[in-house]
Amino acid sequence: MEEKENIHEQNEFYTAAANYWEHVPPTVDGMLGGFGFISQTDIKGSTMFLKALFELKNPPSKTFALDCGSGIGRITKNLLLNHFKHVDLVEQNSKFLEVAKTCLKNYSSRIDNYYPVGLQNFCFTTKKYDVIWCQWVLGHLEKDHLIGFLKKCLSGLRPHGLIIIKENVTRSKNLEVDTKDSSVTRPLSEFYRIFQESNLICIKEEQQNKFPHELYPVYMFALKSVNNL
């Protein structure tokens, strides 16, 4: 009975999030919750972080990236396509994916797949990716599903491949729930526990700077399997 209740609660959590995003306009401002003006600063911070990873002793290759929770393709267009030959997008909102296809029409030969599925249900079929980029989406996954997703990511990484996470982090030590968009914001300590339980080690961590103070702190993490050190 308890297991059925948990499944029901999880379904409600995901359904509420999907319903929220159905009413969000498919624009940069919509994707960033009314803070579209931070997009350039965000991309600049991500670019510097990514470039530093390419300077590692055993850096990821630059062939294939996966944009998780891609929305309308903002990160694919402004970041990933500048560094990788090919990009796949996974996004559960079909309206956003259709806008992404329009925004990325000039790059159609470099976009292999648009996957219309939530990350909790996404599966990797081959070791294809050099970088799996997850930004402002993992707060929509329950902890168990997040750990499961990160473990699945390992099965989709090529040698020297990395999972890169860029997410809001609480200033407190507590998990904070947003009932409006059905998401959670985790403290750093929770991220560290999740990484450990996912058999991942963080090889680089950095805080995004020059964001408005009223926003949550945003951290970037580069992760690899504990078995591939």
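Which residues make the nonpolar surface patch of about 260 Å²? I looked this up in a predicted model. The patch is made by Leu56, Ile201, Ile203 and Val226.

**Entry: Ile201**

I took one of the patch residues and placed it in the fold. Ile201 is found in strand β8, which covers residues 200–207. Is Ile201 buried, partly exposed or exposed? I read a relative accessibility of 32% for Ile201, so I list this residue as partly exposed.

**Entry: whole chain**

I then went to the chain as a whole. I count 7 helices and 9 strands in the protein chain. The radius of gyration is 17 Å, and the globule rule gives 17 Å for 229 residues, so the chain is as compact as a globular protein of that length. I noted the span of the C-alpha trace along its principal axes as about 50 × 40 × 40 Å.

Next I checked the surface. The accessible surface of the protein chain is about 11700 Å². Carbon and sulfur atoms hold 49% of that surface. Of the 229 residues, 48% are buried.

**Entry: cores**

In soluble globular proteins, nonpolar side chains tend to be buried together. I searched for such groups here. The largest nonpolar core has 32 residues. Ile132, Cys134, Leu138, Phe149, Ile163 and Ile165 have the most contacts inside this core. Several elements each supply at least two of its residues, including α1 (2–22), β4 (129–135), α6 (143–154) and β5 (157–168). Which element gives the largest share of this core? I find that α6 does, with 6 residues.

Leaving aside neighbours within four places in sequence, Phe149 is in contact with Cys68, Leu119, Phe124, Cys134, Leu138 and Leu141.

**Entry: Tyr114**

Last, I looked up Tyr114. Tyr114 lies in strand β3, residues 111–115. Its relative accessibility is 23%, so I put Tyr114 down as partly exposed. Which residues does Tyr114 touch, leaving aside its neighbours within four places in sequence? I list Leu89, Leu97, Ala100, Lys101 and Leu104 as the contacts of Tyr114.

I also took one distance from here. Tyr114 and Phe211 are 97 residues apart along the chain. Their C-alpha atoms are separated by 30 Å.

Notes: Residues numbered from 1 in each chain as written. Predicted model: local features only at pLDDT ≥ 70, side-chain atom pairs only at ≥ 80, totals over all residues. Heavy atoms only, no water. Patch = residues over 30% accessible without salt bridge, like charges linked within 9 Å, V, L, I, M, F, W, Y side chains within 5 Å. Areas by Shrake-Rupley, 256 points an atom, 1.4 Å probe, with all protein chains shown as cover. Salt bridge = Lys/Arg side-chain N within 4 Å of Asp/Glu carboxyl O. Helix = DSSP H or I, 4+ residues; strand = E, 2+ residues; numbered from the N terminus. Buried < 20%, exposed > 50% of the residue type's maximum accessible area, 1.4 Å probe, protein only. Rg over C-alpha atoms; globule rule 2.2 N^0.38 Å. Core = buried A, V, L, I, M, F, W, Y, C linked by side-chain atoms within 4.5 Å. Contact = heavy atoms within 4.5 Å.
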